[in-house]
Amino acid sequence: MTEAITRIFFPILNPIFSPINDFLVHLDAAAPVAKRLVTLGLFLGTMLWVYVGLRKQYVNLDAPSNRFWADLRLWTVISMLPHIFVYLYF
Amino acid sequence: MPGLEGALGLAGIDIAIIIIYMVGVFVLGTFFGKYVRNAGDFFIAGKALPFWAIGMSIVVSDIGAMDFVGVAGSAYTHGIAVANFDWIGSMPAMVFAAFVFVPYFWRSGVFTIPEFLGRRYNAAVQVIHGTIWAVFLFTMLSLMLWVTADKLMYVVLGWNRQFTIWLMALITGVYTFSGGLSAVVMVDVVQMIIMFVGGLSLLMLSLWQIGGWGALREQLTAAGHADHLNILLPHNTDLPYPWTGIVFGLGIVLAIAYMSGNQVIVQRTLGARSEWHAKGGMLFGGFLKSFIPLMVAIPGLSALVLIPGLKDGDTAVPEMIRLLLPPGLRGLMFVALFAALISSVDSTLNSTTTIWTTDILGRFKQLVTGVAFGERHVLILGRVFTVLFIILAALVAPVVGQTESVYVFIQTALSLFQGPTLAILLLGVCWRRATRWGGLAGLVLGVGFTFILNFTEGLFPSEDPFLFVAWWSFVFSLIVTVVVSLCTPPEPDEKIRGLVWGQVVSDGVVQRILTERVSS
């Protein structure tokens, strides 16, 4: 089955994916730091989205307290910091 | 049951710990049966769960014994890159789920994700999506039973595989039948504590044996395994975890689809006592998940130093337990692995039952007779399916379990439909112009395209390109859903009222309607 599917679809799909693969291989070689930046960007972007993009009232709706510890924006940052450390370290 | 204390030298204290644990879980689980009076109590715990129970339950439901075995095995074979599944493959997606999907599902008062898709698109989408998930969850259930019986209990204890499968089926089946989601979540809380104590013990003993983290790094490098410490592998790596696949396929598609569309995960948040607890449970679960790779991947790497040359990486953890842990702690670690499995089995069983009852049989009855099941019938059906599925899963477990690498197999299976599912879910929630035909076309053609990508060789550098398949199938389904939706008439306002995120979040009238819908 794999052979038959490859025979039919490889000539159609390869012209689409081949240039993308080539670009990414060149990116890896030209800017090795790119992969780390993109990865960290996903974490930092998510934190920024929660802190800046969402309204505080929406994030903390039904919160049991108005104290700082019940602010889920703070929870988000604290939960994500260990991950940022990991991707900086490895 | 050959050699319970045989080759491994299990001490009496280990056996005592194991027996106490099994009895304790059984008693605790069945205790919650007295709180189940209706379908809402059985399927979503009467909306009474606090954030800490939700978070802990999410972690142990997601992390099974197969993660301990399979992730440690992949770390042994491929390196720390496998930890991406619990780091970038969890936290960003869990934050996204917490603030987009969870409040949305929670306010709309649905039991399942397919149920939402049925309301937003049509019955066909609900049944297709429900069937895919039901089959997948059932397969997972069988696989979990087999992995624990074969790779854990047989290797560590020498137990007969069939005996193990039926013992686990009995324990989980009885309390899931009796107490529903409340029993499952509360047993999960206890199991998570046990799992963390056992997992952290294995981590610390592994590092202690080697001489610490610095020594592990040095010895891996000296042995020619420096690549095992690279978490972001190049795009053209032969291994299944290139960074591009990890960020786009895993971080953006598979993780969000899993955390937002997986009934096992979402069902816990649907049982929250308030929206804040639902969101907080998801975030707390993400924080706890940060520690999982430390407990599974690092011992896998340590095994590469302490037990080099293993033919099957999946035997790394059982071998480490035998090598490192003293009597007493060995029993505790065994219980931790068993807890990881039990918690995944009970959660998967409960969610499979929910989908079958609500989205397949319930929907079928409604289509044929025009009348939905009554509250009492739903509860009875839920319990009947619980018994039926655990028996069937135990019967087919040996057949389903024959696969080379457990973890990769599951991820490959998930990637077949996760991309299309996320595409229609995302558009259904965020874009009011998405139509029923757009959703159906996106799902069906998307799964077809995934199938083609998965079986066309040579398109991607990786030998097992499931991450790329997930990403491109998501993009394809997104395009198909948008194009078909724009070519078909928009859905009437009445139908989608309260089903689009912007309305759910900011429209006061819609929020009142949803509140009434939930409380009725």
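A salt bridge is defined here as a side-chain nitrogen of Lys or Arg lying within 4 Å of a carboxyl oxygen of Asp or Glu. The structure is a predicted model, in which local features need pLDDT of at least 70, side-chain atom pairs count only at pLDDT 80 or more, and totals for chains, interfaces and linings use all residues. Residues are numbered from 1 along each chain as its sequence is written, chains are lettered from A and ligands numbered from 1 in the order in which they are written, and side-chain values use heavy atoms, with hydrogens and water left out.

Over all chains, seven salt bridges are counted. In one of them, D86(B) and K289(B) are joined at an N to O distance of 3.3 Å. Helices are DSSP runs (H or I, at least four residues), numbered from the N terminus. D86(B) and K289(B) are both buried, where buried denotes under 20% relative accessible area, exposed over 50%, and partly exposed in between (1.4 Å probe, protein chains only). Together with D62(B), these two residues are linked in a network of salt bridges.

Helix α12 of chain B also holds K279(B) and E275(B), four residues apart, about one turn of the helix. Their closest N and O atoms are 2.9 Å apart in a salt bridge, and both residues are buried.

A further salt bridge, with closest N and O atoms 2.8 Å apart, connects D493(B) to R432(B). D493(B) is exposed, at 53% relative accessible area, whereas R432(B) is partly exposed, at 39% relative accessibility.

How values were computed. Helices (H or I, at least four residues) and strands (E, at least two) are DSSP runs, numbered from the N terminus.
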